[in-house]
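Subject: Structure for you to look at, with notes

Dear colleague,

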Amino acid sequence: MTHYTTAPGVAAALAGFTLPEKLGFGLVLAPVMYSVEYADGRWGRGALLPYGPIEIAPGARALHYGELVFEGMKAYRAGTPWPNLFRPLDNCRRFALSAERLAMPAVPEALFLEGVDAVAGAMADFVPTGGGKSLYLRPFLYGTEAGYLLRNSTTFRFMVIANPVESYASGPMKVAIERFDVRAAVGGVGVAKASANYAASLRASSASIARGYTVALWLDAAEHRYIQELSGMNVFAVIGGELHTPSLDGAILPGITRDSLIALARHLGHTVIERPMLIDELLEQIRSGACTEVFACGTAAIVAPIGVLGDTDGREYVPAQVDVVAKQWREALLAIQERRVPDPFGWTRDVARPAAG
Ligand code: COI
């Protein structure tokens, strides 16, 4: 049953939309969005609206205190006319944990799915296909109450926007090891998909891009020795034919793609080792050839090859192979996501069809 309303401009917004040839990642916006507000301790009625600017009180806590959490998830439509979502309930659960960490009200599962289904269903004809293309969905929740007192808002808004996308990384990534700034500390909000984590990463990200790199590699906050993640992607290394990835340390975001790769690889009989990984040890293993490949994974990135790791002293470490093992896992994962092979885990779920009328 559909509980949300559909604004009069939605049909015209969708009728006027065409899928461009070049999608990039986040460059093309879906012409519709979903919005629902929370006040007086309860959620109101959701609405599907034409995509457009939102009003926000200039004193809102989301703007001043970063009271904002979000999710990234994808709808695929490869062989079938109707799209399916990949592990949406896991995104919903992580969204609730993120909200809990920031003491915001969780978006109930039915409401979360309503928002995601409303946008993905409206965009069903515009979900791009092939080569890992998809409809990327961004559910987000933020505090709307104005005020400087350091406590939570009492009013919130949950929204879903979307973008038809290609994969986030367009080729092998150049990773810049960040030895000074810290993305997240244990006990902080690293495990939550909070905008604050991304804010903490931006200075190093911009600096690494200015140095010709693609992305910064984060180390642990206490010792600056253990690999965490790439702010937006988790990291894997191929060592002695095994997959090694940093164990979730309480500051790393628990990636759903990371979890999927671990489950899929183990299901297919491969060894996956989750352990604390020292950056200097990994660099030595790349140098000696013990580590043959390094790659990243994430919802946006799918499985993305890493071509080089650059240290702050200017030294660069080039793994022996690029996108050999990564390609194998990208294709295996995409085959499930695009429903080209049976899904032994029950990970995919049809987007709910909008109610007639
Ligand atoms: C995602 O993979 O969904 C993310 O949020 C990463 C972001 C850097 C695009």
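A salt bridge is taken here as a side-chain nitrogen of Lys or Arg lying within 4 Å of a carboxyl oxygen of Asp or Glu. Please keep in mind throughout that this is a predicted model.

The domain assignment divides the chain into domain 1, covering 5-166, and domain 2, covering 173-322, and the centres of the two, taken over C-alpha atoms, are separated by 27 Å. On the side of domain 1, 20 residues are in contact with 17 residues of domain 2, and the area buried between the two domains is about 1,500 Å², with carbon and sulfur atoms giving 60% of this area. Phe 70, Arg 94 and Arg 101 together supply 40% of the area that domain 1 buries against domain 2, which is more than any other three residues do.

How many salt bridges are counted between domain 1 and domain 2? The count there is 1, while the rule for polar contacts finds 10 residue pairs across the interface of domain 1 and domain 2. The elements that give two or more residues to the side of domain 1 that touches domain 2 are strand E5 (68-70), strand E6 (73-76) and helix H3 (88-101), and of these H3 gives the most, with 5 residues.

Arg 87 and its partners

Arg 87 forms a salt bridge with Asp 259, in which the closest N and O atoms are 2.9 Å apart. Arg 87 is found in the loop between strand E7 (84-86) and H3, and it counts as buried because its relative accessibility is 8%, where buried means under 20%. Most residues other than glycine have a negative phi.

A second residue of this kind is Asp 40, whose phi is near 55°, again a positive value in a residue other than glycine. Asp 40 has its place in the loop between strand E2 (32-39) and strand E3 (42-43), and with a relative accessible area of 65% Asp 40 is exposed.

Other salt bridges

By the same rule, the count comes to 22 salt bridges. One of them joins Arg 179 and Asp 311, with the closest N and O atoms 2.7 Å apart. This pair links distant parts of the chain, as Arg 179 is in the loop between strand E10 (173-177) and helix H5 (195-210), whereas Asp 311 is in the loop between strand E16 (302-310) and strand E17 (316-317), 132 residues apart. Are Arg 179 and Asp 311 buried or exposed? Both of these residues are buried.

The side chains of Arg 266 and Glu 274 also meet in a salt bridge, at 3.4 Å from N to O. Arg 266 counts as partly exposed, with 40% relative accessibility, and Glu 274 is partly exposed as well, with a relative accessible area of 33%.

A further salt bridge is formed by Arg 315 with Asp 313, where the closest N and O atoms are 3.3 Å apart. Here Arg 315 is exposed, its relative accessible area being 54%, while Asp 313 is partly exposed at 48%. Elsewhere, salt bridges that share partners join Arg 87, Asp 90, Arg 93 and Asp 259 into one network.

Helix H6 (residues 256-267) has 12 residues and reaches 16 Å from its first C-alpha to its last, close to the 16 Å expected at 1.5 Å a residue. Its buried residues are Ile 256, Thr 257, Arg 258, Ser 260, Leu 261, Ile 262, Leu 264 and Ala 265. After H6 comes Gly 269, whose phi is positive, near 90°.

Finally, Ile 161 is found in strand E9 (residues 156-165) and is buried, with a relative accessible area of 18%. Leaving aside residues up to four places away in sequence, Ile 161 touches Met 33, Tyr 51, Tyr 136, Leu 137, Arg 138 and Phe 140. The C-alpha atoms of Ile 161 and His 224, which are 63 residues apart along the chain, are separated by 36 Å.

With best wishes

Technical notes: Residues numbered from 1 in each chain as written. Predicted model: local features only at pLDDT ≥ 70, side-chain atom pairs only at ≥ 80, totals over all residues. Heavy atoms only, no water. Helix = DSSP H or I, 4+ residues; strand = E, 2+ residues; numbered from the N terminus. Expected span 1.5 Å × (residues − 1). Buried < 20%, exposed > 50% of the residue type's maximum accessible area, 1.4 Å probe, protein only. Domains from an automatic or database assignment. Contact = heavy atoms within 4.5 Å. Buried area = accessible area lost by both parts, 1.4 Å probe. Polar contact = N/O pair within 3.5 Å; in protein donor to acceptor, adjacent residues only side chain to side chain.
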